[in-house]
Amino acid sequence: MGLKILTEHINVPGIETLEVYRKHGGYKSVEKALKTMSPEEVVEEVKTSGLRGRGGAGFPAGMKWSFLAKPEGVPRYLVCNADESEPGTFKDRWYMEKNPHGLIEGMITSSYALGANTSYIYIRGELMFILRILEKAIAEAYAAGLLGKNIMGSGYDLDLHVAPGGGAYICGEETALLESLEGKRGNPRNKPPFPAVKGLFQSPTVVNNVETISSVPWIVNNGGAEYAKVGIGRSTGTKLISASGNINNPGVYEIELGVPVEEFIYSDEYCGGIWKGRQLKAVVPGGSSVPILPANLILKTAAGEDRLMTYESLSDGGFVTGSMMGSGAFIVFDEAQCIVRNTWNYSRFYHHESCGQCSPCREGTGWMEKVLHRIEHGHGHQQDIDLLVSVAKQIEGNTICPLGDAAAWPVAAAIRHFRDEFEWHIKHPKEATAPGAVYRGQLDAVTA
Amino acid sequence: MAKVTIDGIEIEVEDGTTILQAARKIGGKIVPPAMCYYGPLKGSGGKCRVCLVKVTQGSAKDTRPMPKLVASCITHVQDGMVVENTTNEEVLNARKSIVEMLLINHPLDCPICDQAGECSLQDLSYEHGVSAQRFEEERRTFNKVDLGPYIQLHMTRCILCYRCVYTADQITEKRVHGVLGRGDAAEIGTYIENVVDNDFSGNVIDVCPVGALTDKTWRFKNRVWFTKPLDAHRDCPTCSGKVTLWTRGEEVLRVTARKDQYNEVEEFICNTCRFDKKETSDWTIEGPRHIDSSSVISANHYELPVLNVPIVPNLPVSTKKNLPQE
């Protein structure tokens with residue numbers, strides 16, 4: 001069993017109440033930070049810890065915090081991005097549901113570090129029941145003097161609000177989130193200016209993922225250096241992984257970064273192997289927007305080394321033979337799954353969720369979905385594969401926000417690694433559209 | 001002041017100028033096209049992505065290139081910045097891709113579209129488009145919507161530049177239309193059904209780069225290249241009264257604001273001038289409006305009249321013999 005930073009007490013009955021949470025060492029970091037540390041010292045600890053953004057991009061959190069502009073007389077804001085809606089990702093909702101005070105403690109400590117006196121948790125609209133849990137926990141914290149004016153007699157004031165979104169995936173993009181939080185249509189903004197300079201209500205703002213913020217209390221309590229000891233290289237600390245797909249034990253696991261992928265899939269401590277004794281076909285290691293990898297490339301890198309659950313190892317080989325850590329949504333496919341169908345499913349999602357602001361994404365996502373739909377349903381042409389590659393390339397990098405890239409990458413990667421499966425679909429439409437039909441060519445090649 | 005080099009041409013501009021504005025100062029072929037950016041409207045731009053350019057040197061201090069192509073209409077120049085537009089293969093390819101994307105759901109009904117001849121998308125496709133079509137699916141369609149007595153909305157043609165939204169926000173008191181829906185189902189609409197009705201509502205027609213918003217007093221009256229543009233003015237209590245009249249013979253077919261070569265209006269005009277004053281007697285005519293000679297609009301009236309050409313020129317002698325002699 002590895003070190004549990006976020007989930008140590010998560011299964012304690014009643015941990016969602018303030019009383020039980022405090023009994024298990026809750027809100028110690030607030031006391032320590034507010035009474036004994038300056039905001040700069042907290043930022044410094046987070047920098048030392050090497051904590052990286054857990055929402056997907058993996059940008060060092062301490063660095064992001066230090067970029068925050070600090071003009072005189074302008075309020076600063078901390079916004080927690082709880083708009084978790086990437087297909088395959090369910091760690092934040094699980095964490096907030098089980099341990100709302102963990103997030104609130106992180107919000108108080110982080111807001112103190114950034115000098116924010118008003119902070120927001122922007123939560124996905126579908127998670128209304130979690131919003132109620134959070135509101136209840138916030139009310140408890142207000143009553144105990146952990147929020148509001150003069151927290152714990154330190155002279156520091158903080159108001160924390162929970163704001164529900166309308167359930168749009170695009171509002172997980174930080175500038176679209178801020179627009180939505182301001183009450184406008186959730187369109188991503190053009191950057192620069194970045195939120196650290198002009199964010200919420202045109203004031204300097206930091207937007208962090210739930211998991212990032214919830215890791216801060218442990219760092220404050222135990223020191224950034226202690227956190228940096230966990231993990232490998234620049235991937236420090238622990239990460240929540242939402243494991244799903246054709247595995248024996250789907251669920252959320254907290255791992256120390258650096259666990260080998262093979263161990264993560266097959267050990268009983270984690271996924272417990274592929275279900276029904278089947279073979280592994282492919283893995284999407286970081287949520288639907290990162291490139292899919294076939295079994296041979298997910299277990300070993302192109303150089304033949306063991307692939308580890310770290311930011312660096314998962315992206316080893318670039319997009320040619322690697323993928324990304326993303327938000328840590330580990331989706332496993334067994335031999336009976338059809339990659340074409342899955343790719344179509346993903347692109348249907350991005351087509352539906354594109355905000356429609358900039359032309360390559362608005363038109364391109366729909367185009368890819370239609371072509372993939374055709375291939376999956378037995379009406380594809382041979383040139384469609386190259387067409388998809390070309391359209392994906394036309395979207396990538398030309399859009400305002402990363403949704404365009406997120407839509408293009410899975411399609412490009414699926415064709416890169418499973419081109420023969422696409423070709424089989426086009427050449428043998430009758431077999432491919434039969435119920436339960438799956439192309440096995442590549443698997444046989446792997447086992448041979 | 002900042003020195004910036006665009007396609008090898010150096011120019012000095014004020015700080016805070018965008019790359020596009022700097023390029024327009026140089027003028028000519030190196031100006032990136034713009035479908036959503038509109039000078040007079042604050043906050044416009046960055047959406048259509050046709051103005052993408054490559055910054056090969058960020059500034060004199062930081063000589064690294066920018067990793068991605070940037071939208072020139074919203075990117076500010078830095079001293080020592082080097083920009084490539086028409087000289088960069090990557091930029092031209094990206095532009096071609098984006099034109100293709102803009103056209104896949106466009107109905108291409110130019111033969112019956114009132115905007116034809118003065119349509120930015122038409123010009124853009126002519127210059128950067130490809131003749132082949134790779135999109136074989138059904139196009140997205142919408143029903144036509146009446147936005148009050150003067151304006152008709154053809155959502156099928158819209159490229160979602162948001163210009164009309166900014167116009168209504170910035171020059172009228174209350175905006176009643178906006179973008180509804182998301183992705184390629186996004187549409188301009190008045191939620192639920194409303195009339196766009198105020199003194200300056202007609203300007204959304206002028207800012208529309210395509211034929212999505214059309215003037216109902218002009219629809220199907222004539223093709224724009226058959227009409228003659230004349231600068232004219234009148235004493236108007238609500239606006240400047242400086243307009244362009246589009247005439248055929250004695251008839252005033254249409255009134256628009258005066259637009260420059262980038263289709264940007266000089267001054268917004270009011271609905272009375274635009275829709276109600278359709279007599280030449282309403283106006284003091286200043287003279288013909290200059291139209292760029294490359295525009296199709298100039299095709300019919302800026303050529304010299306053809307005089308004294310023999311009706312039967314250079315026919316063979318045998319044919320001439322058989323013609324009735326004078």
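This is a predicted model: local features need pLDDT of at least 70, side-chain atom pairs count only at pLDDT 80 or more; totals for chains, interfaces and linings use all residues.
Two residues are in contact here if their C-beta atoms, placed from the backbone, lie within 7 Å. Leaving aside its neighbours within four places in sequence, A:Cys80 is in contact with A:Leu103, A:Met107, A:Tyr120, A:Ile121, A:Tyr122, A:Asn208, A:Val210 and A:Ile213.

A:Thr89 sits in the loop between strand 1 (77-82) and helix 5 (91-98) of chain A. Is A:Thr89 buried or exposed? It counts as buried, because it has 26 C-beta neighbours inside 10 Å, and the cut-off for a buried residue is 20 or more. Beyond its neighbours within four places in sequence, the contacts of A:Thr89 are A:Glu84, A:Ser242, A:Gly287, A:Ser327 and A:Ala329. As for A:Pro402, it stands 313 residues from A:Thr89 in sequence, while the C-alpha atoms of the two are 17 Å apart in space.

Next, some details of the backbone. Where in chain A does A:Pro192 lie? A:Pro192 is placed in the loop between helix 8 (174-181) and strand 4 (205-209) of chain A, and A:Pro193 lies in the loop between helix 8 and strand 4 as well. The peptide bond leading from A:Lys191 into A:Pro192 is cis, with omega near -5 degrees. The bond from A:Pro192 to A:Pro193 is also cis, and its omega is near 0 degrees.

One is A:Tyr27, with a phi of about 65 degrees; it belongs to the loop between helix 1 (18-23) and helix 2 (28-36) of chain A. A:Tyr27 counts as buried because 20 C-beta neighbours lie inside 10 Å. The other is B:Leu108, whose phi is about 55 degrees. B:Leu108 is found in the loop between helix 2 and helix 3 (120-128) of chain B, and with 13 C-beta neighbours inside 10 Å it counts as partly exposed.

That brings us to chain B as a whole. Its secondary structure comes to 7 helices and 14 strands. The C-alpha trace spans about 80 × 55 × 45 Å along its principal axes. Of the 326 residues of chain B, 38% count as buried. Among contacts in chain B with a separation of 6 or more, 63% come from residues 24 or more positions apart.

Chain B is divided into domain 1 (2-100), domain 2 (106-215) and domain 3 (224-290). The centres of domain 1 and domain 2 of chain B, taken over C-alpha atoms, are separated by 26 Å. Where these two domains of chain B meet, 15 residues of domain 1 are in contact with 16 residues of domain 2. The domain 1 side of that contact has 8 nonpolar, 2 polar and 5 charged residues.

Let us now look at a sheet in chain B. It is an open sheet of 5 strands in the order 2-1-5-3-4, with mixed pairing. Which strands stand at the edges? They are strand 2 (9-13) and strand 4 (70-71) of chain B; each has a single partner strand, so one side of each is left without a neighbour in the sheet. Strand 3 (residues 52-57) and strand 5 (residues 81-84) of chain B run antiparallel and are joined by 3 bridges. B:Gln57 has B:Val82, in strand 5 of chain B, as its bridge partner.

Helices accompany this sheet. Helix 2 of chain B packs on the sheet, touching strand 3 and strand 5, and its direction makes about 160 degrees with that of strand 3 of chain B. Helix 1 (residues 19-26) of chain B lies across strand 1 (2-6), strand 2, strand 3 and strand 5, running at about 115 degrees to strand 2 of chain B.

Finally, the two chains together. How many residues does each chain bring to the contact? Chain B brings 25 residues and chain A brings 23 residues. Helix 2 of chain B (residues 89-104) gives the most to the chain B side, with 6 residues. That side divides into 14 nonpolar, 4 polar and 7 charged residues. Thank you.

Note on methods: Residues are numbered from 1 along each chain as its sequence is written. Chains are lettered from A and ligands numbered from 1 in the order in which they are written. Helices (H or I, at least four residues) and strands (E, at least two) are DSSP runs, numbered from the N terminus. Ala, Val, Leu, Ile, Met, Phe, Trp, Tyr, Cys and Pro count as nonpolar, Asp, Glu, Lys and Arg as charged, and the others, Gly among them, as polar. A residue is buried if 20 or more other C-beta atoms lie within 10 Å of its own, exposed if 12 or fewer, and partly exposed in between; C-beta atoms are placed from the backbone. Domain bounds come from an automatic or database domain assignment. Two strands pair if DSSP finds at least two bridges between them. Axes are lines fitted to C-alpha atoms, for helices over the stretch in contact, and angles run from 0 to 180 degrees between N-to-C directions.
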